[in-house]
Amino acid sequence: MEQSPYFFPRLPEISVNPDGELMLAGHPAHSLMERHGSPLVVILEDALRRNCQAWMHPAANGIRFRMYYASKALLTTGVAALMHQEGLGIDVVSMGEMATALAGGVPPEMVLMHGNAKDRAELEYAVEQRVGRIVIDNLEEIGRLAEVVQAAGIRQKVFVRVTPGIRPSTHRYVQTGQQDSKFGFNLEGGLAEQAVLQVLRHPELELVGLHCHIGSQVLETEPFVAAAGRMLEFYAHVQQELGAPLDELNLGGGIGIRYKDSDAQMDAASHMARLYEFVAKWCGEHGIDCPLICDEPGRSIIGETGVTLYTVQSTKRIEEVRNYASVDGGMTDNPRFALYEARHPVAPAMRMLDRPDQLWSVSGKCCETGDMLIHDVEMCELHAGDLLAFFSTGAYTWSMASNYNRVARPAVLLLGKDREGLLARRETVEDLLSLDSVPDWLR
Ligand SMILES: Cc1ncc(COP(=O)(O)O)c(C=O)c1O
C-alpha cells in the first residue's frame with residue numbers, strides 16, 4: 001500500500017485508507033467529525049491503555065514501585081477512571097484536579113497532591129478526603145499543613161519536594177529541576193535539609209519520602225539517572241543522619257514523546273528498567289534498603305494518543321511571504337505553539353497520500369497574531385473545508401485550553417475500535433454565559 005508522506009505517530013490505531021483518508025481506530029476522520037462536530041479532540045483508548053501498561057511493567061530486581069498519572073497532561077473524570085482501571089494513582093495540583101480524580105473513583109490513598117501555592121482550603125480538602133500523600137513544596141506550607149492535619153486529628157503522609165540542581169535539555173519553560181526554579185527546596189544551600197528538619201518537628205506529619213521533578217519533554221534517561229543519584233544521596237543522609245524512616249522516592253515523570261521525526265524514541269519500560277537498575281545498584285553499594293520508587297508520567301502516557309481534528313475555514317496566500325490556513329480552533333484548544341513554539345505533526349486528514357509540496361502556516365480563529373498552531377509546514381494545496389489533523393495532542397493542549405474570544409472548548413472523544421464515548425462534551429454558548437452575572441446597577 002502507498003505510504004503517507006506525512007510524519008505522525010506510528011501507532012496501530014492510526015492508519016491511512018487506500019483513498020488517502022486518515023483512519024483513527026478504524027474510523028474515517030470525516031465520520032468522526034460528522035458525528036461529533038469540529039474541532040474534535042480524539043483520544044485513542046487502546047494506545048492509552050497500552051502506554052499505561054508499559055509504565056506498570058513490573059520492575060526487575062524486586063524493586064517496589066507505584067505509578068501516578070500526572071493529571072495536568074489531560075484530566076476528566078473518565079480519564080481518572082481509566083487510569084484507576086489500569087492500576088495507576090493520580091498526581092494532582094489543585095482542588096479541581098483532586099475532586100476530578102476522586103469523582104473518577106480513584107481511591108484517596110492513590111492520590112498524591114502537589115503544588116507550589118496550595119491554599120488552606122485545598123489542604124483542608126486533601127486532608128478531609130484522606131489523600132494518600134501531600135508533597136510539601138515550601139516552608140510556609142509546613143506550618144499551614146500541620147495546623148490543618150492537627151485540626152483533623154490524623155497523621156498525614158508527606159513528601160518533601162527537592163530541587164536537585166539538574167537542568168535537562170528541554171524548553172526552559174518546562175525545566176523544573178535547576179537551582180533557579182519556583183518549585184521545591186534546593187539541595188544546594190541546604191534548604192532541603194532545613195525543610196526536612198522542620199517537617200520532622202511536627203509529629204502529625206509523617207515524612208515517608210522525597211520527591212523531585214527535573215522537567216518535561218526530556219528525551220534521554222541520563223538526566224533522570226543523575227537526579228536519582230543526587231536524590232539517593234540525600235535520601236540516605238535523611239535516613240541515617242536525620243533519623244527519618246523514609247521508604248519512598250518519587251522521580252517525577254517528564255519523559256518526552258516524538259513530536260518530530262528527528263526526536264529520540266523513549267520507551268517507558270526500558271527507561272524505568274534503567275532507573276530501577278541504577279537504584280538497586282546504588283542502594284546495594286551504600287547498604288540501604290531500596291525505596292519504593294514512584295514516577296509521575298503525564299505526556300508519555302497520553303500525548304501520542306491524542307489527535308485533534310480541525311476544519312479549515314479560510315486560506316490566505318501572501319506571495320513570497322506566507323500561506324495561511326485558518327482553522328476553527330487554535331490557541332484556545334492548543335496553546336503549545338503560542339507558549340513555546342511547540343510543533344505538532346500535522347497532515348490533511350482527507351488527503352494523506354497527496355504530495356506535501358507547499359509551505360503552510362496554520363492559524364487559529366482568535367484576534368491575536370500569536371494565535372498560531374504551526375508555522376511553515378509542508379502540506380499539499382489546502383482549501384476551505386479541508387480537515388486538518390494535528391497529532392500527539394493528548395497532553396497539555398485541552399488541559400490548557402481557554403475561552404479567549406469566548407471560544408467554546410471542543411469535545412474530547414475516547415475512541416476504541418468498537419466503541420466511542422465522550423470524555424468531555426463540547427462547550428456551548430450557554431455554558432459560557434452561565435458563569436456571568438450582571439451587577440444590579442447595570443440591569
Ligand atoms: C511535579 C510534576 N510531576 C509530573 C509532571 C509530568 O511530567 P510529564 O508530563 O512531562 O511526564 C510534571 C509536569 O511538568 C510535574 O510538574
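Is arginine 406 buried or exposed? Arginine 406 is exposed, because 10 other C-beta atoms lie within 10 Å, and a residue with 12 or fewer counts as exposed. Keep in mind as we go that this is a predicted model. Arginine 406 sits in the loop between E19 and E20, and its phi is near 55°, a positive value in a residue other than glycine. We will come back to that loop, but let us begin with the overall picture.

The protein chain holds twelve helices and 21 strands. Its radius of gyration is 23 Å, close to the 22 Å that the globule rule gives for 443 residues, so the chain is as compact as a globular protein of that length. Of the 443 residues, 48% are buried. If you take the contacts between residues at least 6 apart in sequence, 70% of them join residues at least 24 apart.

Now to the domains. The chain divides into domain 1, made of 14–44 + 304–434, and domain 2, which covers 46–303. The C-alpha centres of domain 1 and domain 2 are 32 Å apart. Where the domains touch, domain 1 contributes 24 residues and domain 2 contributes 20 residues. On the domain 1 side, four elements each supply at least two residues: strand E4 (40–44), helix H11 (336–340), strand E20 (411–415) and strand E21 (420–424). By class, that side of domain 1 has 14 nonpolar, seven polar and three charged residues.

Which of its residues are buried? Five of the five residues of E4 are, so the strand is largely enclosed by the rest of the structure. In a regular strand the side chains alternate between the two faces of the sheet. Turn to E4 with that in mind: Leu40, Val42 and Leu44 point one way, while Val41 and Ile43 point the other way, and all are buried.

What does E4 pair with? With strand E14 (residues 306–318), E4 pairs in the antiparallel sense over four bridges, and here valine 42 has valine 307 as its bridge partner in E14. With E20, E4 pairs in the parallel sense over five bridges, and isoleucine 43 finds its bridge partner in leucine 414 of E20.

Proline 39 lies in the loop between helix H1 (29–36) and E4. A cis peptide bond joins serine 38 to this proline 39, with omega at about -10°.

Proline 410, like arginine 406, is in the loop between strand E19 (387–391) and E20. The surroundings of proline 410 can be counted too: it has 27 C-beta neighbours inside 10 Å and therefore counts as buried, whereas arginine 406 is exposed. Leaving aside residues up to four places away in sequence, proline 410 touches Pro39, Leu40, Val41, Gly329, Asp333 and Arg426. Two of the residues named there, Leu40 and Val41, also belong to E4. The C-alpha atom of proline 410 is separated by 9.3 Å from that of threonine 332, a residue 78 places away along the chain.

An open sheet of three strands runs in the order E1-E2-E3, with antiparallel pairing. Strand E1 (14–16) and strand E3 (27–28) are the edge strands, each pairing on one side only. E1 and strand E2 (residues 22–24) are joined in the antiparallel sense over three bridges, and valine 16 stands opposite leucine 22 in E2.

Although arginine 130 is not a glycine, its phi is positive, at about 60°. Arginine 130 is placed in the loop between helix H5 (120–128) and strand E8 (133–136). With 14 C-beta neighbours inside 10 Å, arginine 130 counts as partly exposed.

Finally, look at the ligand. It is surrounded by 17 residues, of which the closest are Ala70, Ser216, Gly253, Gly298 and Arg299. By class, this shell is made up of four nonpolar, nine polar and four charged residues.

Technical notes: Residues are numbered from 1 along each chain as its sequence is written. This is a predicted model: local features need pLDDT of at least 70, side-chain atom pairs count only at pLDDT 80 or more; totals for chains, interfaces and linings use all residues. A residue is near a molecule or strand if its C-beta atom, placed from the backbone, lies within 6 Å of it. Ala, Val, Leu, Ile, Met, Phe, Trp, Tyr, Cys and Pro count as nonpolar, Asp, Glu, Lys and Arg as charged, and the others, Gly among them, as polar. Two strands pair if DSSP finds at least two bridges between them. The radius of gyration is taken over C-alpha atoms; the globule rule is 2.2 Å times the number of residues to the power 0.38. A residue is buried if 20 or more other C-beta atoms lie within 10 Å of its own, exposed if 12 or fewer, and partly exposed in between; C-beta atoms are placed from the backbone. Two residues are in contact if their C-beta atoms, placed from the backbone, lie within 7 Å. Domain bounds come from an automatic or database domain assignment.
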